[in-house]
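Dear colleague,

I am passing on the structure below, together with some notes on how its parts pack. Please read the notes with the structure open beside them.

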Amino acid sequence: MTTTSGGNNHRQSSPTRFDLASMPSTIHRRELHSYSVHHSPVTGKWIATITRSPCDAISADFKKTLTFSFVSEREARKFAKAYSPPKMMVESYRCGICCLRFVGSAPKKFHCRNCGACICDGCSTRWGRRMIPRTYTDIQSVQALTVRVCTSCDWLSNAFCMALLQGKENDAKQLVDTSNVNLRTCFAAINGESMFPVHCAVMGGNLSILKWLVETHSCPIVVKSGRRVGSVQTSEERSLVDLAMTGKPKLDILRYLIMEKNLSIKDTKDPNLAPKTLEVLLRAGVVTSPPTTTHPIHMIEADTSEASQTTIEDACILCCDKPMDSVLIPVAIKFVVKIVESI
């Protein structure tokens with residue numbers, strides 16, 4: 001269940017409520033605004049252009065189109081689809097959820113900012129604004145801390161989070177098929193900590209789900225800006241490696257993140273986890289099979305342009321602006337770390 005207090009959303013566990021059998025009977029599938037992707041011969045980058053509706057304007061300098069640059073065409077197209085805002089229903093005489101008839105100005109109409117449905121007050125709730133892509137609203141406006149969404153989208157978000165945490169792959173895929181689930185924005189806070197879907201997938205311990213998010217949907221797991229490479233973090237600055245080492249170590253996920261995706265063993269908030277992670281991998285013999293690539297996969301390489309910085313903020317990190325600190329590894333095991341990171 002999602003509640004709102006002072007703009008902060010908190011998720012409370014109620015697994016039975018979010019079984020697929022309890023899925024709302026009325027779901028307004030969002031229809032996206034147009035977008036395009038083209039290659040720039042000048043910069044050598046792929047440019048994704050997103051179109052937005054003027055009805056979303058709040059500030060005077062609202063931009064109808066937004067452009068973002070990427071290294072690969074695939075990432076540009078995945079981003080454009082994930083961040084193109086939904087069209088708002090304009091001619092509606094009934095609530096899109098409960099079918100309550102609108103007569104004149106009573107009851108008041110609202111729009112779900114996640115799917116575009118026209119809804120009444122009783123069929124709406126509030127999300128923190130970072131639970132939807134920043135391109136869905138006027139990114140120049142910083143006044144509202146929350147956005148209004150319909151109860152159906154709220155249920156889908158909660159159910160998707162539960163499916164990831166419980167490792168239910170089929171449920172997760174069915175929920176994404178509704179077209180109203182966001183894969184690159186955070187969920188409501190889980191015990192006070194905001195997480196992205198990739199974080200919840202690691203917590204759920206299902207490697208197949210994590211690969212589906214990363215390989216199929218290109219959900220970023222690292223960000224590169226200049227010379228700095230950082231892992232996707234939760235609002236508490238915990239990395240994917242931190243989460244994979246929480247409780248019983250999730251060996252298959254650790255192997256995937258470190259050996260296939262080249263995440264660093266040092267990429268942990270807790271300095272004590274780095275040597276523990278290395279010990280787990282040594283005992284399992286993982287470090288005897290070095291990775292075949294030299295750079296992290298599924299990361300966003302950013303320019304210094306304003307648009308690219310916005311891309312990084314929306315797609316990869318939460319509203320936690322503290323820089324990551326490097327973890328010092330004991331000298332006795334530095335050589336093994338070098339094997340993992342340099343090959």
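Leaving aside its neighbours within four places in sequence, which residues is Leu213 in contact with? They are Phe160, Leu183, Pro197, Val198, Ala201, Ser218 and Cys219, where contact means heavy atoms within 4.5 Å.

Before going further, please note that this is a predicted model, in which local features need pLDDT of at least 70 and side-chain atom pairs count only at pLDDT 80 or more, while totals for chains, interfaces and linings use all residues. Residues are numbered from 1 along each chain as its sequence is written, and side-chain values use heavy atoms, with hydrogens and water left out.

The protein has ten helices and 13 strands, taken as DSSP runs numbered from the N terminus (helices H or I, at least four residues; strands E, at least two). Of its 343 residues, 50% count as buried, that is, under 20% relative accessible area with a 1.4 Å probe and protein chains only.

Leu213 is also among the residues with the most contacts inside the largest nonpolar core, which has 69 residues; a nonpolar core is a set of buried Ala, Val, Leu, Ile, Met, Phe, Trp, Tyr and Cys residues joined through side-chain atoms within 4.5 Å. Helix H2 gives the most to this core, with nine residues. Apart from it lies another core, of ten residues, including Ala48 and Tyr83.

Helix H3 (residues 169–176) packs with helix H5 (residues 207–216) at an angle of about 25°, their axes being 9 Å apart; the axes are lines fitted to C-alpha atoms over the stretch in contact, and angles run from 0 to 180 degrees between N-to-C directions. The two helices are therefore roughly parallel to each other, a term used for angles under 35 degrees. On H3 the contact is made by Glu169, Ala172, Lys173 and Val176, and on H5 by Ser208, Ile209 and Trp212.

The buried residues of H3 are Glu169, Ala172, Leu175 and Val176. Because they cover an arc of only 130° around the axis, they lie on the same side of H3, the arc being that of the directions from the helix axis to the C-beta atoms. These buried residues pack against helix H2 (151–165) and H5.

Finally, Val202 has its place in helix H4 (residues 197–204) and counts as buried, at 0% relative accessibility. Not counting residues up to four places away in sequence, Val202 touches Leu210, Leu240, Leu243, Ala244, Lys250 and Ile253.

Best regards

How values were computed
Parallel < 35°, antiparallel > 145°, perpendicular 65-115°, else oblique.
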